[in-house]
Amino acid sequence: MAIEICVKAATGAPDVLGDCPFCQRVLLTLEEKKVSYKTHLINLDSKPEWFLEVNPDGKVPLIKFDEKWVSDSDVIVGLIEEKYPEPSLVTPPELASVGSKIFPKFVGFLKSKDENDGTEQALLDELNALEEHLKNNGPYVNGEKVTAVDLSLAPKLYHLKVALGHFKKWSVPESLTHVHNYMKSLFSRESFEKTKPAKEEYVIAGWAPKVNNA
């Protein structure tokens with residue numbers, strides 16, 4: 001039985017893979033482990049009844065293991081690792097939180113209307129910390145091999161690149177060479193190419209309401 005997974009459909013294009021970084025993290029994990037799966041694209045503006053029946057809170061990603069639906073990307077990734085231990089994507093516990101504050105700081109800066117409120121610097125501080133870590137331990141968070149923490153960060157860094165580029169005309173400083181190489185390396189992986197949003201405009205459309213209503 002192939003695993004079934006529910007992921008976000010693109011905003012305004014319900015037949016195309018959407019822009020949810022947490023869904024992509026799960027898809028990346030399945031791809032890196034070469035596990036076959038069947039995708040259900042969920043239009044979050046018009047959720048199908050069967051989906052709400054098995055998942056009343058209506059969130060994605062949602063995955064079906066052994067006839068049981070499971071939500072929450074952290075839980076899902078842990079279950080995939082347990083069921084399909086090879087190749088191992090386990091991140092050593094002491095490295096599991098590397099880069100974990102980048103996404104919330106990115107969202108804070110993206111929504112900010114005041115350029116002196118410190119949100120840009122807060123994001124830069126986190127990117128500088130990642131730069132230092134990669135400089136000493138790279139090219140990936142745990143050295144030579146990709147692990148779960150990289151697959152969690154990759155979609156978030158992609159959103160950061162696309163959304164800040166569009167809404168703020170902002171990009172990661174060139175001086176952060178290890179972060180740039182890290183992003184380039186992750187974004188060029190076959191697993192990433194297969195699971196990223198079909199077009200950058202879907203990422204922009206996904207963030208637009210949050211930016212405009214901030």
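Asp74 is exposed, at a relative accessible area of 51%. Exposed means over 50%, buried under 20%, and partly exposed in between (1.4 Å probe, protein chains only). The model is predicted: local features need pLDDT of at least 70, side-chain atom pairs count only at pLDDT 80 or more, and totals for chains, interfaces and linings use all residues. Residues are numbered from 1 along each chain as its sequence is written, and side-chain values use heavy atoms, with hydrogens and water left out.

Which residues of helix H3 (residues 73–83) are buried? They are Ser73, Ile76, Val77, Ile80 and Glu81. These residues span an arc of only 135° around the axis, so they sit on the same side of H3. The arc is that of the directions from the helix axis to the C-beta atoms. Asp74 and Glu82 are exposed on the other side of H3. An α-helix has 3.6 residues a turn, so residues three or four places apart point the same way. Helices (H or I, at least four residues) and strands (E, at least two) are DSSP runs, numbered from the N terminus.

Next come the charged pairs. Side chains of opposite charge can pair when their charged atoms come close. A salt bridge here is a side-chain nitrogen of Lys or Arg within 4 Å of a carboxyl oxygen of Asp or Glu. The whole structure holds 10 of these salt bridges. One joins the side chains of Asp74 and Arg25, at 2.7 Å from N to O. Asp74 is in helix H3 and Arg25 in helix H1, so this pair ties together parts 49 residues apart in sequence. Arg25 counts as buried because its relative accessibility is 11%.

Lys83 pairs with Asp66, and their closest N and O atoms are 2.9 Å apart. Lys83 lies in helix H3, Asp66 in the loop between strand S4 (62–65) and strand S5 (68–71), so the pair ties together parts 17 residues apart in sequence. Lys83 is partly exposed at 36%. Asp66 is exposed, with a relative accessible area of 63%. Its backbone also stands out: Asp66 has a positive phi of about 45° although it is not a glycine.

Asp19 and Lys8 form a salt bridge too, with closest N and O atoms 2.9 Å apart. Asp19 sits in the loop between strand S2 (13–17) and helix H1 (21–32), while Lys8 is in strand S1 (residues 3–10), 11 residues apart. Both Asp19 and Lys8 are buried. Elsewhere, salt bridges link Glu4, Lys64 and Glu67 in a network.

The backbone has further points to inspect. Most residues other than glycine have a negative phi, and most peptide bonds are trans. Lys34 has a positive phi near 55°. Lys34 lies in the loop between H1 and strand S3 (37–42). It is exposed, at 70% relative accessibility. Where are the cis peptide bonds? One runs from Val60 to Pro61, with omega near 0°. Pro61 is in the loop between helix H2 (49–54) and S4. Another runs from Gly138 to Pro139, with omega near 10°. Pro139 lies in the loop between H5 and helix H6 (148–167).
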